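Colleague: Hi! Could you walk me through this one?

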Amino acid sequence: MSLSSDGNTVAIGAPYNDDYGANSGHVRIYHNSLSCAGCTDPLALNYDSTIQYDDGSCIYPQGCTDTVAYNYDPQAIVDDGSCLYCDLSFSLSVFQNTNNLCNGLAYISSYNTSNPPVSYQWSNGNSSNNVLNLCTGVYTVSVTDLVGCIVTDTFYIGPSPIAGCTDSLAANYDPSSNFDDGSCIYSSSSSTIVWSEDFSSGFPSNWSTTSTNIVGGIATCPWQWTLDGTWGYWNGFQGTSPNHSLVSSTAYNGFLISDTDSANNMAYGQPSGSTYQYIQSSFTTSAIDLSSYYQVTLEFEQTFRYNNLGSTDFTPPTLYVSSDSINWVPFLVNGSTTNNTHSANPDNMTIDISVIAAEESTVYLKFGWVSRVYFWMIDDLKIIGIANGCTDSLATNYDPLATVDDGSCTYT
């Protein structure tokens, strides 16, 4: 069988048989008027649905395919070498206050970036490169360059913080504390903290964490206790040091992190646009007794960053609540955060979980997501409960769990 010289027919018989039937006994197959070869890939710019055979002519959208880059193009399929990466860094100088006065100061002594100028945001609202008249306390500063790369640092003015309740009106006031960790309990208030976890002792031994690579790869990412931020390749240091630490109330004694970007980079390397895989990552608390409370609210502090919002493989940061550890009610906690942007740091969450948790003796909390890149950090979990009963400690039927006095107190 051979192609005839006219390029339009195939001859069965003698090679190069071009005499159109002169050699009796040979068969020729003639093509129709439609082209049968071209680009068959629907992702290509020149895709042709009428084509039966791919001839290698497909043309694909070009751009930066690395999700780590700040100019990542989710529409690009072929990387054209145009990717640009964050290289922002800065030096922070801190001068302590004296005699417990409000005369501390801090300033950005230098910064380096390929994308100037930069802007500053201090936790006290200042937006210049320095802050003055600082009192004893914990402060943060974030520096952002022209393309949106952000680096955050935390510093202390005054003595090292001793966490506890600093309100003398609270039932658990701690006079040795100089940093309020939000643990104050008020016996006369209508609500109180009935359960909390600040991870000061690491990852709780009676909790669990699971992680699965949804395509069966080697990269997994169980939640871990840390004092660092993310070690992901994208963080400005290419994974050689941490960055973007959670600025929570008790970050100094640790918090939990799911660092999927770091897990994928360690397992597969770069470029992330073609090597990273989706990883399921979650942690679950032990059972919490909320049987005495008819209304319960969960509070926690978090920060996160993600990509691929809208993909069917991606699950945004989600809280799941259960009263039996089998049936779970989900609460999305990612708010309006868009792709490739940071959430607030900290992002303070308050969620009413009464519908599933109120008056239940075995309540479980699970935090989970499915992601390819970036991170999710969580700290300072608290459950606020409201319960009716006798709140007078002098009464014979005083109920230490009651937060609202219902007039039921009896006296001898």
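This is a predicted model: local features need pLDDT of at least 70, side-chain atom pairs count only at pLDDT 80 or more; totals for chains, interfaces and linings use all residues.

Colleague: Great. How many residues does the largest nonpolar core have?

Modeller: That core has 36 residues. Phe300, Leu319 and Ile353 are among those with the most contacts inside it. Strands E21, E22, E24, E25 and E26 and helix H3 each supply at least two residues.

Colleague: And what does Ile353 touch?

Modeller: Leaving out residues up to four places away in sequence, Ile353 touches Val296, Thr297, Leu298, Leu319, Val321, Phe331, Ala358 and Leu365.

Colleague: Switching topic: what is the volume of the largest pocket?

Modeller: The largest pocket holds about 410 Å³ of space. It is lined by 25 residues, and Thr152, Asp153, Thr154, Leu227 and Ser245 are the closest to its centre.

Colleague: Which strand gives the most to that lining?

Modeller: E13 does, with 5 residues. By class, the lining has 14 nonpolar, 9 polar and 2 charged residues.

Colleague: How many aromatic pairs are there?

Modeller: The search of the whole structure finds 18. In one of them, Trp122 and Phe155 sit edge-to-face, 6.0 Å centre to centre with 85° between the planes. Trp122 is in strand E10 and Phe155 in strand E13, 33 residues apart.

Colleague: What about Trp234 and Phe375, and why is that pair called stacked?

Modeller: Their ring centres are 5.9 Å apart and the planes are at 10°, so the pair counts as stacked. Trp234 is in the loop between strands E18 and E19 while Phe375 is in strand E26, so the pair ties together parts 141 residues apart in sequence.

Methods:
Residues are numbered from 1 along each chain as its sequence is written. Side-chain values use heavy atoms; hydrogens and water are left out. A nonpolar core is a set of buried Ala, Val, Leu, Ile, Met, Phe, Trp, Tyr and Cys residues joined through side-chain atoms within 4.5 Å. Buried means under 20% relative accessible area, exposed over 50%, partly exposed in between (1.4 Å probe, protein chains only). Helices (H or I, at least four residues) and strands (E, at least two) are DSSP runs, numbered from the N terminus. Contact means heavy atoms within 4.5 Å. On a 1 Å grid over the protein atoms alone, a cavity is a set of points where a 1.4 Å probe fits but cannot get out, and a pocket is an open set with protein on both sides within 12 Å along at least five of seven lines; lining residues have an atom within 4 Å of a point. Grid points are joined across faces, edges and corners, and a volume is the space filled by probe spheres set on the points. Ala, Val, Leu, Ile, Met, Phe, Trp, Tyr, Cys and Pro count as nonpolar, Asp, Glu, Lys and Arg as charged, and the others, Gly among them, as polar. Rings of Phe, Tyr and Trp (its six-membered ring) pair if their centres lie within 6.5 Å; planes under 30 degrees apart count as stacked, over 60 as edge-to-face and the rest as tilted.
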